[in-house]
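Keep the sequence and the 3D view open while reading.

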Amino acid sequence: MAKAIRQVYGEALAELGAVNKNVVVLDADLSGSTKSGIFGKQYPERFFNMGIAESNMVATAAGLAAVGKVAFVNTFTVFLTTLGLIATRGQVCYGNLNVKLAGAYCGVSDALDGASHHALEDIANMRSLPNMRILCPADATCAKWATFCAAETEGPMYLRLSREVYPDLYGADAKFELGRGAVVREGADVTVIACGIMVHKAIEAAEMLKDKGISVQVVDMYSIKPIDAELILRCAARTGAVVTAEEHCVTGGLGSAVAEVLAHAGAGVPVEFVGTQNTFTETGKYADLLHIYGLDAEAVAAAVQRAAERKKK
């Protein structure tokens, strides 16, 4: 049965605590929401509630990493990647330190708290930092792998996590790799490259378009930095058109990363971008917000149809 991404992350942290005594966890007084409190209950001597002081929390994590600890930093995505950004840039990334930033409630998943709590710029912020790696899981199995991958990979890493329950996408024996993506649905006409919840919206869109004679390939780009350039180019060559889909603004995120790969390789295929369009978001139910801001299956399907039409010209 599918679990909330944040719950899987919290449980994985606790598992890590048992096998790696150097794992320490910091939170900004939100451990019940981020689920880092699961670790805190089992290993209170390695758990630090830093209060509402995000920059100090990241700086403290940098200090812990400098003396050999694997430091996991937790709070809501929007605060971690803005208020925590100066310490992330100047200490964690500049020092190439072993700090893992876990941004809970990404995108508009903290729906009812409104624009102040929605995170739609975080990939852009973190992707621009030297030494930073970014993982964005699309289901529970990938979320557990991403947490363990973070602990096992030396250097800064950002985990983009949602509060939501994502449908199961992978079996327990699925294999993942930093710097890779996965084809989760084969298709011949257009490739949708997505991350997080938008992988599931892309699969829904592919089903919707099947009766219209459009065959959609879907890629889960769970590793955003480093990104799987080989897979992107292979898919572009096969289908001749690409759509990117992310619960993030269209500037600087997954879509920009994919477009950079295509441009650098001179792959002249039509590209459409699904994401928020230069706007802040409002308060509402999660499903309603996904629809209002063009982050649902219908929006992905429309983008695929545009890309298919452009391919014909």
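## Model and conventions

This is a predicted model: local features need pLDDT of at least 70, side-chain atom pairs count only at pLDDT 80 or more, and totals for chains, interfaces and linings use all residues. Residues are numbered from 1 along each chain as its sequence is written, and side-chain values use heavy atoms, without hydrogens or water.

Helices (H or I, at least four residues) and strands (E, at least two) are DSSP runs, numbered from the N terminus.

## The sheet of 7 strands

An open sheet of 7 strands runs in the order β2-β1-β3-β4-β6-β5-β10. Its pairing is mixed; two strands pair if DSSP finds at least two bridges between them. The edge strands, β2 (47-49) and β10 (223-225), each pair on one side only. From one strand to the next, the twist averages 20°. Angles run from 0 to 180 degrees between N-to-C directions, and axes are lines fitted to C-alpha atoms, for helices over the stretch in contact.

β5 (residues 133-135) and β6 (residues 157-160) pair in the parallel sense, over 3 bridges. I134 has Y158 of β6 as its bridge partner. Helix α8 (residues 140-152) packs on this sheet and touches β3 (70-76), β4 (99-104), β5 and β6. Contact means heavy atoms within 4.5 Å. The direction of α8 makes about 170° with that of β6.

## The sheet of 5 strands

Another open sheet has 5 strands, in the order β7-β9-β8-β11-β12, with mixed pairing. Its edge strands are β7 (182-185) and β12 (271-276), and each pairs on one side only. Here the twist averages 25° from one strand to the next.

β11 (residues 242-249) and β12 run parallel, joined by 5 bridges. V242 is partnered by V271 of β12. Helix α10 (residues 229-239) packs on the sheet, touching β7, β8 (190-194), β9 (216-220) and β11. Its direction makes about 175° with that of β9. Helix α11 (residues 254-265) also packs there, touching β8, β11 and β12. The direction of α11 makes about 145° with that of β11.

## The α9 and α13 pair

Helices α9 (residues 197-210) and α13 (residues 297-312) pack at about 60°, with axes 8 Å apart. The contact residues include M198, A202 and L209 of α9, and V300, A301 and V304 of α13. By class, the contact has 9 nonpolar, 1 polar and 3 charged residues. Ala, Val, Leu, Ile, Met, Phe, Trp, Tyr, Cys and Pro count as nonpolar, Asp, Glu, Lys and Arg as charged, and the others, Gly among them, as polar.
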